[in-house]
Amino acid sequence: MLLCVTSQSPPLTALADVTASDAALRRFLHGLPGVDGVGLEARAASLGTRSVKTTAKAYAIDLAISMIDLTTLEGADTPGKVRSLSAKGMTPDPTDRGTPSVAAICVYPDMAAVAKEALGTSGVRVASVATAFPAGRAALPVKLADTRDAVAAGADEIDMVIDRGAFLSGRYLEVFEEIRAVKEVCGTARLKVIFETGELSTYDNIRRVSWLAMLAGADFVKTSTGKVAVNATPANTLLLMEAVRDFRAATGVQVGVKPAGGIRTTKDAIKYLVMVNETLGDDWLSNEWFRFGASSLLNDLLMQRQKLRTGRYSGPDYVTVD
Amino acid sequence: MSERPERLAVLKTYKLFVGGKFPRSESGRVYEVTDSKGRLLANAPLASRKDARDAVGAARKAFGGWSGATAYNRGQVLYRVAEMLEGRREQFTAEVAAGSGISRAKAAAEVDAAIDRWVWYAGWSDKIAQVAGGANPVAGPFFNLSTPEPTGVVAVLAPQDSALLGLVSVVAPAIVTGNTVVVAANEKAPLPALSLAEVLATSDVPGGVVNVLSGRTAELGAPLAAHQDVNAIDLAGADAELAKELQIAAADNLKRVVRPRAERWTTDPGTDRMLAFLETKTVWHPTGSLGASGSAY
């Protein structure tokens, strides 16, 4: 089964043998260069100091809106809430039809069908979390059934969580095969793999798990579920970006990046866009390859957009609550 | 034989007060505050429109908690402010005397009047509802009750003719009823306002209820008057020309506006400034029998 790797682009065959056994995979992942944590954080911080104003800011705001996976992942979600969120995703600012729509609506699997129906042919995609999100604590058949359900309900994208327990106890091949198995049942749906970086303890682990997921066929690497204390930070997102950049250099395969959780302001979003531009370049500056997992970020972007348009500071009375 | 070296004074860095914290201006700017004879007293932060925006955000965030607190609780907190002011009379007297160019005795009188005014407004917290609200007689089986509710975030341009008493006379009436405030301090003499912020920070007033900015009144007034998330503006510190401009900007989201007028801050203020920032909510409760069953409650 592992030989399936050879069906991908030719350079990836060079890495085929690293997934041949648990030992080989461990050797490869532990052979990745260690992360200079201080340097990484300093670099991420320095990329957050750019001043982006006027027309560049207007461009960045519209780009950021178009990259949002507008998310509702609450126990209290109702079909009504998903429908209203979908409406908002398609037309974020009804007072200005020039506002771009978001990239996707991200929901739990049982709400995927509702979202699909609400979004229709608008071009906004349906992303569904799966594999016993957010803990990932379920048996593989359950996770696969969860994924199949979501795909059958019309999800265009699947956000899976890795088994952090297996990863942290060193069972890398198990994590690898689980991602491959989920990827297989995804069919044409794009697979985003959530690492929950806040639970991985070290930057070295984040680098290892990025390579592991990309080798297993992830279409996107995603930082967090948004359900733990530490979510996306500039530093761990930069680390993911460096990994996808190096992965494309090594294999020719492009993988997307999605920071999620804790990105609430336009300022934050623009910092991430600067980071994408400086680390990955133009190839990643579209919602094909970069996403924000967020809910409240959209309102702040809309308020800033109104400010640029009218010259007046806007307020929460002028955007929807959810 | 050695002479005792003269002690080096520790100079104070005056800062803004936003959201319960003391930041410098986002712009990094300061301006010189001088006494009436042009001697340097201190540098004060020269707040920018972004500081104004941040302050409005902080005030909005604090509004729910402050307006939701009981009137009794708000009154106690404001009494506490007066207690803290009392302990700092010397400092305020010195700042008012230097900033306004008046004698120490006159300055002390102004500080005392300011503290008394604060106590006077604190007492209104659980009484204003009786004055501004009440039961309305209606032609039907209903209790019809009107209650005053705070209007929201109030921007205040502090008076230019009275650095402390004037400030207290415009800030206290706005917050006692549950509003939160962004205040642009007296432009020439901002030091008492910045020191008042330190008093507020140490007297149980939740962060963001009062936000103090120092700088050019015109520069701060414009973004505050145009801000869509500010519900009312008090133009006490604006001259006629600026006031006209700000009223036009404020009309866009139908802000309540208190126009500048000739005021003598030492006289009894009355309830005008409290009532200016209250809205009336009226509710109807059915009374008597509720339908066929004849139930009365």
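These are my notebook entries on a predicted model with chains A and B.

**Ground rules**

I number residues from 1 along each chain as its sequence is written, and chains are lettered from A and ligands numbered from 1 in the order in which they are written. Since the model is predicted, local features need pLDDT of at least 70 and side-chain atom pairs count only at pLDDT 80 or more, while totals for chains, interfaces and linings use all residues.

**Entry 1: the sheet of chain A**

I began with the open sheet of chain A, which has eight strands in the order 7-6-5-4-3-2-1-8 with parallel pairing. Helices (H or I, at least four residues) and strands (E, at least two) are DSSP runs numbered from the N terminus, and two strands pair if DSSP finds at least two bridges between them. Which strands stand at the edges? They are strand 7 (256-258) and strand 8 (292-294) of chain A, each with a single partner strand, so one side of each has no neighbour in the sheet. From one strand to the next the twist averages 25 degrees. For angles, axes are lines fitted to C-alpha atoms (for helices over the stretch in contact), and the values run from 0 to 180 degrees between N-to-C directions.

I then looked at individual pairs. Strand 4 (residues 157-161) and strand 5 (residues 190-194) of chain A pair in the parallel sense over five bridges, and Val161(A) stands opposite Ile194(A) of strand 5. Strand 2 (residues 104-107) of chain A pairs with strand 3 of chain A, also in the parallel sense, over four bridges; here Ala104(A) stands opposite Arg125(A).

**Entry 2: strand 3 of chain A and what follows**

Is strand 3 (residues 125-130) of chain A mostly covered or mostly open? It is mostly covered, with six of its six residues buried. Buried means 20 or more other C-beta atoms within 10 Å of the residue's own, exposed means 12 or fewer, and partly exposed is in between, with C-beta atoms placed from the backbone. In a regular strand the side chains alternate between the two faces of the sheet. In strand 3 of chain A, Arg125(A), Ala127(A) and Val129(A) point one way and Val126(A), Ser128(A) and Ala130(A) the other.

In the loop between strand 3 and helix 7 of chain A I found Pro134(A). The peptide bond from Phe133(A) to Pro134(A) is cis, with omega near 0 degrees.

**Entry 3: helix 7 against helix 9, chain A**

The axes of helix 7 (residues 140-152) and helix 9 (residues 172-186) of chain A come within 9 Å and cross at roughly 30 degrees. The two helices are therefore roughly parallel to each other (under 35 degrees is roughly parallel, over 145 roughly antiparallel, 65 to 115 roughly perpendicular, the rest oblique). By class, their contact has seven nonpolar, one polar and three charged residues. My classes: Ala, Val, Leu, Ile, Met, Phe, Trp, Tyr, Cys and Pro are nonpolar, Asp, Glu, Lys and Arg are charged, and the others, Gly among them, are polar.

**Entry 4: chain B**

Chain B has 10 helices and 10 strands. Its C-alpha atoms fill a box of roughly 105 × 40 × 35 Å along the principal axes. Buried residues make up 45% of its 297 residues.

Five strands of chain B form an open sheet with parallel pairing, in the order 7-6-5-8-9. Strand 7 (210-213) and strand 9 (256-258) of chain B are the edge strands, each pairing on one side only. Strand 6 (residues 180-184) and strand 7 of chain B pair over four bridges, and Ala184(B) has Leu213(B) as its bridge partner. Helix 8 of chain B lies across strand 5, strand 6, strand 7 and strand 8 (232-234) of chain B, at about 150 degrees to strand 6.

**Entry 5: where the chains meet**

How many residues of chain B are in contact with chain A? Eight, and they touch seven residues of chain A (contact: C-beta atoms, placed from the backbone, within 7 Å). Helix 1 (49-68) and helix 8 (217-226) of chain B each supply at least two residues of the chain B side. That side divides into three nonpolar, two polar and three charged residues.

Ser201(A) is not a glycine, yet has a positive phi of about 70 degrees. Ser201(A) is in the loop between strand 5 and helix 10 (203-215) of chain A, and counts as exposed because it has 11 C-beta neighbours inside 10 Å. Asp204(B) also has a positive phi of about 70 degrees. With 14 other C-beta atoms within 10 Å, Asp204(B) is partly exposed.

Definitions and conventions: Contact = placed C-beta atoms within 7 Å.
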